[in-house]
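Here is a colleague's note to read alongside the structure. Please keep the viewer open and go through the points in order.

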Amino acid sequence: MKKLKILGLVLFLVGFGIFNSLFFIHQYSIRQVDTSIYLSERQDSLFHHLSEDFSQEIYFSSFSFANKLSELIDQINDFQLKRYSLTPDEINRLTELYQESLTFGMIGIEDIFDKSEPGQFKANAFKNFGGWLEGRTFSNAEELKTSIEAVSENIKLYGVINQKGIDRYKKKDLLYTLTKQSTFGRAREHNLLMFFLSIGLSIIGAFIYVIIPDKKQQQVYKSSISNRGWLGILTGTYLILFYIILYYFPQYMTGWVILADPVSMFIKGSEAGPFFLYGLLYTISILVMGIRMLLKYPNNRYQQIRTLSVMFFQTAFAFLIPEILIRLNKPYFDFKNIWPLDYDFFFDSQLNELLSHGSLGLFMLGWGIFLILLGVPVLVYFFGKRWYCSWVCGCGGLAETLGDPFRQLSDKTLKAWKAERIVIHAVLVLSIIMTIGVVYTYWTGESNFLGINTYNLREAYGFWIGAAFAGVIGTGFYPLMGNRVWCRFGCPLAAYLGIIQRFKSRFRITTNGGQCISCGNCSTYCEMGIDVRWYAQRGQNIIRASCVGCGVCSSVCPRGVLKLENKDEKTRL
Amino acid sequence: MAKRIVILGNGISGITAARNIRKRSDDPITVISSESRHFFSRTALMYIYMGHMKYEHTKPYEDGFWKKNKIDLVYNHVQKIDTKINSLEFSDGGSMEYDILILALGSKTNSFNWPGEHLRGVQGLYSLQDLELLEKNTKDITKAVIIGGGLIGVELAEMLWSRDIGVTLLAREKYFWDNVLPHQEAKFIGQHILEQGIDLRLNTQLKEIKDDGTGSVKSIITQTGEEIECQLVGLTAGVHPNIDLIKNTDIRTNRGILVDNYLRTNIENIYAIGDCAEIQNPLPHRKSIEPVWYTGRQMGEAVANTICNIPTPYDPGVWFNSAKFFEIEYQTYGNVPNQLPPEMEEFYWENKKDEKCIHLVFEKETHTFLGINVFGIRLRHEIFDKWLVEKSSITDVIDNLEASNFDPELFRRYEKDIRAAFYAQFPELTLEVK
């Protein structure tokens, strides 16, 4: 048995090693790629003009390829800027036009610019960007010129780059898409084989490893990975890097993404993107480590059914249904994701997408709002926030399965509790302000809300909360601060659920009279960092906003002291 | 006038006393221990060894708690008490005066003067130091023998089992722990222990421990002359009050430090609580010495009140306890004698497949419910306490078992099976007027 377990570990490590090597062993060349699909005619011809050397070359690293590509895109922008920006001469002539009256107007502007295509663009752009100056009188020519220069700068930044160049959103997409199209080599030709040798072997190995019982698995504080040893730090570092690449530099990981192409073709009928690969790996992790969880608590039906529940919701609701919806030409929709965890639910792109899909889209919109306004409070009232956090949620699902070996690493100090309350409620407030701003902009078309640019606000939220906090820290810190860092300190939905759980719910953890022996298993294994023992040894019920109701405190209690219950609200305290 | 209160021992009793005195008074409080700097949970020692926890997790309060609550902790060893001048003498030569002294000295491992019991590799399991010694003694060993089939014996067996050390468990009883458990449960739990791969030897006593020639354990010899090779001998045949310090004082002792119902010793300003205390007139169904966690806590609470001028007799109420034998949890409420007296009737139910059993005892004449042992099912303390205090009838208990269940949600329930089996055995009780 032990040998088989070691074999499992070896298979996993081999698969994992191959997976990692696939990050590096591909070749990259843009020669075969039809860039005209992604670029305007002029951009494309500029690209061909600029990339003569580049397109001949074969790169052996996604980093150097994508970085070179990035330079080329910047060069295209420079060319376009040169072509479509106001020249100093044009600025001077504009200044002269108003020098006498010192009053700004739009008459005569056409004559400043020539009749060429760039000239027409400039004239239109100047009218658009300079409209706010119309009718204004200046005290001297100097002031007038400064204003015209400001308009010229805005045209460069927003007019030329957005309309003629490649803005940063498009650039991010383009970098990824072109790199993916340019990725080739043996590994791509033998895509399915590679999938099996990397992800397939990892699954088989991990599966063998987890199904063979081992007493050592319980000895979490003797294991380097689950006790912040070097293996734990290494794992954390790996996860952090993985998330940074996934969220901020997906162009570097095309060697991985192509692995998921066959699966993606099968499920949604198109090629995989980085988040398809991520969803696939995420689901596999929950399934394999979910099986580990099922075997860890063979006689505990609460843990069994709860684990099956998160495995189901991840596989069906988070992974398969949204992709199948895409295949059916319907909006991508995760029916169990709830705002404000699902922070872009009210973004204009999302709303437009739903509103353009008739009754199904409207149903989805209504369903999402129903969950926020009624589903959450009613279910939390009856069952506590656990119905979501440890039974349905995807973040919770990963935490309860892949994250289970790290649950003991959560900080139990009072200090951590204080920090938790401040940070999580701050994120909740921020998410609400951000969303109100975004909806306000959607409704009124006005991009300023309370003096804040809502586009900048939503972008900052997505970057810092949606990606950095929830992903990089949320999962990357599993081996460092436990498996619920995001859920405990960051998730705005958990904060919302928690407020209801704390003040209006039937849920509580009951303690059993005088049976507690203060051993501390409950506190040690509380992933939310609740000092359960503090309450249990006093015979007090545990009513805490953060409790996700995973039930592990009750499972590890050697004296039968703790029980999760939904009973009459009056008997809670 | 502020009284200087000194508590000897930082276990559950001493610490509970300190905390509860602090709630009611501003008197200076000092807690002295030579075992650990801070209060830790002795019951969790096994989990440290098994790698489930670290020492720091066994501390129920953060280290800053004591300063915040103005409870002075002294990490030192008291070697003498002078009750005439109210003074303690430390082994490093220092001394400390007290106005009130609370003795919470805990227990010591029992031994029976077995030949070889002082060899290297022979030890009990009670203190933090015992745990450190066990780490040393079990480094790279393959075989251990445990002497004494009680709760600590099973815990030690599980600890060693978790490290793949072969365990032979010697118990002199006919069935496992049958000096406490009725034979049905004793057999049931003995079987479970065997199934874990523990070599449980019942009806077996230790004769001597053999030296390997270097002062370490080589093997043990049983009373029947059988030799069992081992590198560790765990002595777990119970504990007794740790009263060596008291022996040369005028504080009265018997097996433990004798106290009245207010936990007062014969010396006016000295109290004794926890494992080391021996109650002179225990309540019915309670023993004079009860080395369990919650009695220590209750004594600490009672003595704190008394010292703060709210004289409170120690009243532990109805007996209850709990333990865990490998995978199976055990709870008991009330009185379930290991030998059924003629005036009592019993009902035993077992589900072999799921490893659950329950044993109820009641009065033959009045059908008053007297006590319950349960394995593998969690029961609600409050409800059983109420049933026992109110002297409910056995049928009330059987009919309302659902209300007493404390198992986690979604667990399989057995009340119906139990009830059906009960009325099949006692059909005459079906019609009892309630």
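1. A residue is called buried if 20 or more other C-beta atoms lie within 10 Å of its own, and exposed if 12 or fewer do. By that count, 45% of the 434 residues of chain B are buried. Please keep in mind throughout that this is a predicted model.

2. Turning to the overall build of chain B, you will find 11 helices and 25 strands. The radius of gyration of chain B is 23 Å, close to the 22 Å that the globule rule gives for 434 residues, and chain B is therefore as compact as a globular protein of that length. Its C-alpha trace spans about 70 × 60 × 40 Å along the principal axes. If we consider contacts in chain B between residues at least 6 apart in sequence, 60% of them join residues at least 24 apart.

3. Chain B is divided into domain 1 (5-108 + 240-307), domain 2 (122-237) and domain 3 (320-429). The C-alpha centres of domain 2 of chain B and domain 3 of chain B are 30 Å apart, and 15 residues of domain 2 of chain B are in contact with 13 residues of domain 3 of chain B. On the domain 2 side of this meeting place, the elements that give two or more residues are helix 5 (151-162) and helix 6 (183-195) of chain B. Which of these elements provides the largest share of that side? The largest share, six residues, comes from helix 6 of chain B.

4. One sheet to trace in chain B is an open sheet of five strands, in the order 3-2-1-7-19, with parallel pairing. Strand 3 (71-75) and strand 19 (270-272) of chain B stand at the edges with a single partner strand each, so one side of each is left without a neighbour in the sheet. Neighbouring strands of this sheet are turned by 20° against each other on average, with direction ignored. Within the sheet, five bridges join strand 2 (residues 29-33) of chain B to strand 3 of chain B in the parallel sense, and B:Ile32 stands opposite B:Val74 in strand 3 of chain B. Helix 1 (residues 12-24) of chain B packs on this sheet, where it touches strand 1 (5-8), strand 2, strand 3 and strand 7 (100-103) of chain B, and the direction of the helix makes about 170° with that of strand 2 of chain B.

5. Another sheet in chain B is an open one of three strands, in the order 4-5-6, and here the pairing is antiparallel. Its edge strands are strand 4 (78-82) and strand 6 (95-97) of chain B, each of which pairs on one side only. Four bridges join strand 4 of chain B to strand 5 (residues 87-90) of chain B, and the bridge partner of B:Val78 in strand 5 of chain B is B:Phe90.

6. In chain A, how many residues of strand 5 (residues 507-511) are buried? Five of the five are, so this strand is largely enclosed by the rest of the structure. Both of its faces are covered, with A:Phe507, A:Ile509 and A:Thr511 buried on one side and A:Arg508 and A:Thr510 buried on the other. Strand 5 of chain A pairs with strand 6 (residues 562-566) of chain A over five bridges in the antiparallel sense, and A:Thr511 stands opposite A:Leu562 in strand 6 of chain A.

7. Helix 21 (residues 414-444) and helix 25 (residues 492-503) of chain A pack at an angle of about 105°, with their axes 8 Å apart. Since angles of 65 to 115 degrees count as roughly perpendicular, these two helices of chain A are therefore roughly perpendicular to each other. Among the residues that make the contact are A:Ile424 and A:His425 of helix 21 of chain A, and A:Pro492 and A:Tyr496 of helix 25 of chain A.

8. Lastly, some backbone details deserve a careful look. The peptide bond from A:Trp339 to A:Pro340 is cis, with omega near 5°, and A:Pro340 sits in the loop between helix 16 (301-327) and helix 17 (348-355) of chain A. A:Ser518, a residue other than glycine, has a positive phi near 55°, and A:Ser518 is buried, with 26 other C-beta atoms within 10 Å. B:Asp140, also a residue other than glycine, has a positive phi near 60°, but B:Asp140 counts as exposed, with 6 C-beta neighbours inside 10 Å.

Conventions: Residues numbered from 1 in each chain as written. Chains lettered and ligands numbered in written order. Predicted model: local features only at pLDDT ≥ 70, side-chain atom pairs only at ≥ 80, totals over all residues. Rg over C-alpha atoms; globule rule 2.2 N^0.38 Å. Contact = placed C-beta atoms within 7 Å. Pairing = 2+ DSSP bridges. Axes fitted to C-alpha atoms, helices over the stretch in contact; angles between N-to-C directions. Parallel < 35°, antiparallel > 145°, perpendicular 65-115°, else oblique. Domains from an automatic or database assignment.
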